[in-house]
Amino acid sequence: MRTWAGNPWAVLVTVSLGFFMTLLDLTIVNIAIPEMIDALGASLDQTLWVVSGYALVLAVLLITAGRLGDLWGPRRLFAAGVVVFTLASVACGLAPSAPLLIAARGLQGLGAALLAPQTMALIVAVFPAQRRGAAMGVWGMVAGLATLSGPTLGGVLVSTVGWRWIFLVNVPIGVAALALTYLVVPDVRNGRSRGFDLVGVLIATAALFCLAFGLQEGERYDWGVGVWALLSAGVALVAGFLVHQRGRQDREPRVPFALFRDRNFTVMTALVGLVSMAMLGLVLPFNLYLQSVLHMSALKAGLVLAPSSLVSMVTGPFAGRLSDRIGGKHLLMAGLSLYAAGMVAIVLVAGPATPWYLFVPATAVTGLGVGCVVAPMSTEAMRNVEPRLAGAASGVNNTVRQIGSVIGAASVGALLQGRLAVELASGTAYADAFVAALHVTAALPVAALGVGVLLCLLVHNHTKRRPAPVDGTTAPAASRARRTGRRPGRPGPLGGPGPPGPPGPSGRPRRPGSGGPASRARDAGRAPPRGRRPRRVRRGRSCRARWTGRRRSGRRPPPPAGRRRRGSAGRGCAAGRGGRWR
């Protein structure tokens with residue numbers, strides 16, 4: 001195992017294991033809600049808190065954990081997060097009542113918040129820029145696979161071994177991730193001071209709590225005055241947090257404003273929130289449709305969504321490599337368009353009695369779109385981020401991701417419930433009413449993806465370009481010169497070849513710039529410099545001139561009688577032995 005210590009790909013596998021657990025637990029619980037209600041005797045409100053409590057703690061603490069990773073080292077925070085998350089998973093699997101399960105889920109959210117920002121920071125630290133796209137492709141594949149495969153894996157576990165195993169399955173993954181952390185992950189430190197902004201932590205935590213709680217519980221309290229007051233307080237606290245951070249930009253800020261000077265990071269941060277909102281906006285109502293309208297089991301409903309996960313898993317690494325070659329802008333636009341097209345196809349196919357196999361092409365298209373979006377989105381966001389700010393950048397990015405998930409789940413849930421109530425009040429049958437509500441609800445995630453496509457127009461596209469030769473010539477001319485063994489001439493005014501030089505002793509024109517300072521001076525009609533030794537052997541010079549290193553103005557030194565040869569251009573006297581006598 002020592003040979004894998006510090007290996008970038010081994011580090012990527014390790015951090016992907018931890019990241020997979022955190023995102024899997026966002027969606028795997030949704031499919032087990034009926035089983036948990038029956039087993040624990042919980043109310044629907046308590047069961048929803050099992051789902052939302054995890055996302056709430058995760059969203060609130062992500063930025064703080066990302067900044068702690070910058071200060072104390074990402075490996076240390078990653079290992080601590082894996083330990084907390086694994087122990088909390090054991091507590092969730094053994095919880096005897098709903099309140100204890102909710103508390104254990106909050107502890108799970110703390111562990112996920114500690115480890116999630118460190119994954120991106122470690123990838124930036126161990127991978128060079130030219131290979132970071134492929135690494136982010138794998139990372140994005142894991143993110144998309146974990147989010148989309150939650151219902152599938154959850155359905156298999158609930159139908160076979162019971163709902164408690166949706167939490168206990170994290171234990172072997174966590175043990176493997178912790179062992180690999182200390183075996184292969186390097187201890188990356190940026191050497192910065194260890195100051196900590198406690199006031200900023202408290203303000204940010206209160207702001208995110210007010211926003212997340214208000215969005216998630218707004219429907220429960222009928223969006224009353226208390227909910228709007230809580231949301232207003234959250235917005236005011238966000239403004240106060242930004243003012244506070246403005247005065248700490250030179251003293252370990254929790255959100256460095258330098259991150260947002262990069263246009264791509266700013267655009268990708270907004271885009272990740274829109275994509276997360278769209279993803280939850282599709283998975284949540286479609287999963288309810290499969291189980292409540294088509295009366296599918298948890299296992300069958302999860303298998304209907306399986307093509308999306310599989311296609312995303314295959315597409316992600318290729319999209320990451322392709323984004324390095326052609327840039328992520330066009331891939332993102334294509335992926336978002338495919339994702340929106342797949343959503344529209346699912347909604348159009350959905351009916352009161354649609355057979356399952358008609359959803360396969362549409363779900364495959366959504367998987368293709370997700371695979372083309374997640375990897376380039378992460379690559380472009382972190383491409384220009386300095387390693388010392390990678391933890392803070394990852395924390396901001398993941399916080400916006402979770403806020404987008406909260407907004408998507410809350411808004412889609414509220415819209416679905418409101419529209420369903422209207423349809424049922426008009427006397428429509430439940431299946432037809434749910435389908436009609438699904439058609440209206442789908443407009444929200446599709447609109448979010450449309451805004452994302454427009455945002456991609458602002459992305460500065462990065463592509464790999466062949467480095468220009470140091471002598472200023474174009475790359476094709478330099479390549480031809482290397483293949484023929486000749487030095488390329490100087491370019492003309494418009495990038496083409498320059499005019500031919502004056503004829504040499506043999507009557508053939510010399511190329512301008514093919515010699516040293518003396519040759520260039522002769523081409524320009526000036527007297528050559530004296531007293532300099534030539535840096536390299538020039539074409540057509542005699543052996544005596546090469547050995548003495550002298551330069552003569554106007555003409556070449558005469559060769560020894562009977563010893564003049566025509567050898568290879570620019571090579572030494574020994575190379576000329578194979579030439580012809582003149």
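1. Is Asp25 buried or exposed? In this predicted model, Asp25 counts as buried because its relative accessibility is 0%, and buried means under 20%.

2. Asp25 has a charged partner. Its side chain meets that of Arg105 in a salt bridge, with 3.5 Å from N to O. Asp25 lies in helix α1 (residues 8–27) and Arg105 in helix α5 (residues 98–126), so the pair ties together parts that are 80 residues apart in sequence. Arg105 also counts as buried, at 0% relative accessibility.

3. The count of salt bridges comes to two. The other joins Arg419 and Glu423, whose closest N and O atoms are 3.1 Å apart. Both residues lie in helix α16 (residues 390–425), four residues apart, which is about one turn of the helix. Arg419 is partly exposed, with 33% relative accessibility, whereas Glu423 is buried, with a relative accessible area of 13%.

4. A separate point concerns two helices. The axes of α14 (residues 329–349) and α15 (residues 360–382) come within 7 Å and cross at roughly 155°. That angle makes α14 roughly antiparallel to α15, because angles over 145 degrees count as such. The crossing is left-handed.

5. Which residues make the contact between α14 and α15? Among them are Leu331, Leu332, Gly335 and Tyr339 of α14, and Ala362, Thr363, Val365 and Pro376 of α15. By class, the contact has 16 nonpolar, five polar and no charged residues.

Methods. Residues are numbered from 1 along each chain as its sequence is written. This is a predicted model: local features need pLDDT of at least 70, side-chain atom pairs count only at pLDDT 80 or more; totals for chains, interfaces and linings use all residues. Side-chain values use heavy atoms; hydrogens and water are left out. Axes are lines fitted to C-alpha atoms, for helices over the stretch in contact, and angles run from 0 to 180 degrees between N-to-C directions. Angles under 35 degrees count as roughly parallel, over 145 as roughly antiparallel, 65 to 115 as roughly perpendicular and the rest as oblique. A crossing is left-handed if the near helix is turned anticlockwise from the far one by less than a right angle, and right-handed if clockwise. Contact means heavy atoms within 4.5 Å. Ala, Val, Leu, Ile, Met, Phe, Trp, Tyr, Cys and Pro count as nonpolar, Asp, Glu, Lys and Arg as charged, and the others, Gly among them, as polar. A salt bridge is a side-chain nitrogen of Lys or Arg within 4 Å of a carboxyl oxygen of Asp or Glu. Buried means under 20% relative accessible area, exposed over 50%, partly exposed in between (1.4 Å probe, protein chains only).
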